[in-house]
Amino acid sequence: MSSTYDRGTVESFGRWQEFSAGMWAWILHKFTGWILIGYLFTHIAVLSTATQSPEMYTDTLQGLEALLVVRFLEIGLLAVAVFHILNGIRLLMVDLGVGLESQHKSFYASLILTAIIALASIPTFLGGMF
Amino acid sequence: MAEHYSSFQRGSMRWLLQRVTAVFLIGALAFHFVLLHFVNHAADITFAGTQARMSEIGYFTLMIVFLVTAAFHGLNGVYNALINMGLEGTKRKVVAAVLVVAGVLLVAQGTYVAVVMSGFL
């Protein structure tokens, strides 16, 4: 069972030293969620070049992929998506009442796994750039 | 008592739908990323390759369901986060209307793009 209580204004980052693991998880989940929905609109906009011509679609995607900054943004996007997925699984477990006493540990595990997966993906994302 | 932070009111329909779409999206998003960045590298993507995938009815259907659930999950998340941050009254109704319109336009444009990619038109 969960309890509700006045947590104050979470967005008041002057209190960040008081934040618990659960609160950091909530803030990071919200932050990564905003990025993902923003990216979804951008993603559909870029893919919409396919409605103009096959050449424009191919040239746009390959042109973007030729930029080093895009490759780094993709690594960032992967990290954002992986954290949102892993913490999302953790949230589902919390809602089901599974492992409530270890939820801070599962948050740290989500962070560590995200870092490992993002670092391991670097060679794939930067492939062919150098 | 374990602490529990969420932007959602537990037990509400919006909370339930967010959880149901989350279960699907965990698999769909992971599949999408692995297929288009690790199996097929993004730098090698061409319209012909995209069309080959999208002309498969199973893949096409998965992408449409992925689009609809991702749009709902994302916009429902934004809506509930804003309510949790104090959005109420007329502003809440206006924000809800804007998010619904944005979601409908996103799904409509995404579906149009998917149909063009598939070559079904």
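To begin with, how many helices and strands are there in chain A? Please then proceed to the contact between the chains.

Reply: This is a predicted model, in which local features need pLDDT of at least 70 and side-chain atom pairs count only at pLDDT 80 or more, while totals for chains, interfaces and linings use all residues. Residues are numbered from 1 along each chain as its sequence is written, and chains are lettered from A and ligands numbered from 1 in the order in which they are written.

Chain A has four helices and zero strands; here helices (H or I, at least four residues) and strands (E, at least two) are DSSP runs, numbered from the N terminus. The elements of chain A run α-α-α-α from the N terminus on. Its C-alpha atoms fill a box of roughly 55 × 30 × 30 Å along the principal axes. The radius of gyration of chain A is 19 Å, whereas a compact globule of 130 residues would have one near 14 Å. This radius is taken over C-alpha atoms, and the globule rule is 2.2 Å times the number of residues to the power 0.38. Of the 130 residues in chain A, 25% count as buried. A residue is buried if 20 or more other C-beta atoms lie within 10 Å of its own, exposed if 12 or fewer, and partly exposed in between, with C-beta atoms placed from the backbone.

Chain B likewise has four helices and zero strands, in the pattern α-α-α-α. The radius of gyration of chain B is 18 Å, well over the 14 Å that the globule rule gives for 121 residues, so chain B is more spread out than a compact globule. Its C-alpha trace spans about 50 × 35 × 25 Å along the principal axes. Buried residues make up 20% of the 121 residues in chain B.

Now to the meeting of the chains. In total, 35 residues of chain B are in contact with 39 residues of chain A; two residues are in contact if their C-beta atoms, placed from the backbone, lie within 7 Å. On the side of chain B that touches chain A, the elements giving two or more residues are helix H1 (13-39), helix H3 (57-84) and helix H4 (89-118) of chain B. H1(B) gives the most, with eight residues. By class, this side of chain B has 23 nonpolar, ten polar and two charged residues. Ala, Val, Leu, Ile, Met, Phe, Trp, Tyr, Cys and Pro count as nonpolar, Asp, Glu, Lys and Arg as charged, and the others, Gly among them, as polar.

One pair of helices deserves attention. Two packed helices are described by the angle between their axes and the distance between the axes. Helix H1 (residues 21-47) of chain A and H3(B) pack at an angle of about 135°, with their axes 10 Å apart. Axes are lines fitted to C-alpha atoms, for helices over the stretch in contact, and angles run from 0 to 180 degrees between N-to-C directions. This angle makes H1(A) oblique to H3(B): angles under 35 degrees count as roughly parallel, over 145 as roughly antiparallel, 65 to 115 as roughly perpendicular and the rest as oblique. From H1(A), the contact is made by Lys30(A), Gly33(A), Leu36(A), Ile37(A) and Leu40(A). From H3(B), the residues are Ala70(B), Ala71(B), Gly74(B), Leu75(B), Gly77(B), Val78(B) and Ala81(B). The residues of this contact divide into eight nonpolar, three polar and one charged.
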